[in-house]
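Try each task before reading its solution.

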Amino acid sequence: MTELERRGALLTMLREQAAQNWFSLAQYFSTHRHFPQARAIYRRIIDTYGKGGERLYGEYAVIALQDLDILALNPGVEEPAKPSTSLSPVQHGR
């Protein structure tokens, strides 16, 4: 195997690992009901890895987005409340 072939194989492995990491992060956000963040990451996966050797991750992300849409339509599933920007009485006294 030549140096160029080794570098190409390493680059391929790194791109696949990056795709896996992004997908894991999106799953984490989805599991913890941070749906907007999960959607944004799934869209990034589709844009970045939708073609080429990692296109399988793009296909998984499309399915995951469809699943998130189903969850968003479920009235029993709510997105987490946004933290209040107002100061608590303790913070206000500082």
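Contact here means heavy atoms within 4.5 Å. The model is predicted, so local features need pLDDT of at least 70, side-chain atom pairs count only at pLDDT 80 or more, and totals for chains, interfaces and linings use all residues. Residues are numbered from 1 along each chain as its sequence is written, and side-chain values use heavy atoms, with hydrogens and water left out.

**Exercise 1.** Find which residues Tyr42 is in contact with, leaving aside neighbours within four places in sequence.

*Solution.* Next, look at the largest nonpolar core, which has 14 residues. Such a core is a set of buried (under 20% relative accessible area, 1.4 Å probe, protein chains only) Ala, Val, Leu, Ile, Met, Phe, Trp, Tyr and Cys residues joined through side-chain atoms within 4.5 Å. Tyr42 is among the members that touch the most others, along with Phe23, Ile45, Ala61 and Leu68. Finally, H2 gives the most to this core, with six residues.

**Exercise 2.** Describe how the axes of helix H1 (residues 3-31) and helix H2 (residues 35-49) cross.

*Solution.* First, the distance: the two axes come within 7 Å. Then the angle: the axes of H1 and H2 cross at roughly 160 degrees. That makes H1 roughly antiparallel to H2, a label for angles over 145 degrees.

**Exercise 3.** Is Asp47 buried or exposed?

*Solution.* Locate Asp47 in helix H2. Its relative accessibility is 66%, so Asp47 counts as exposed, the cut-off being over 50%.

Terms used:
Axes are lines fitted to C-alpha atoms, for helices over the stretch in contact, and angles run from 0 to 180 degrees between N-to-C directions. Helices (H or I, at least four residues) and strands (E, at least two) are DSSP runs, numbered from the N terminus. Angles under 35 degrees count as roughly parallel, over 145 as roughly antiparallel, 65 to 115 as roughly perpendicular and the rest as oblique.
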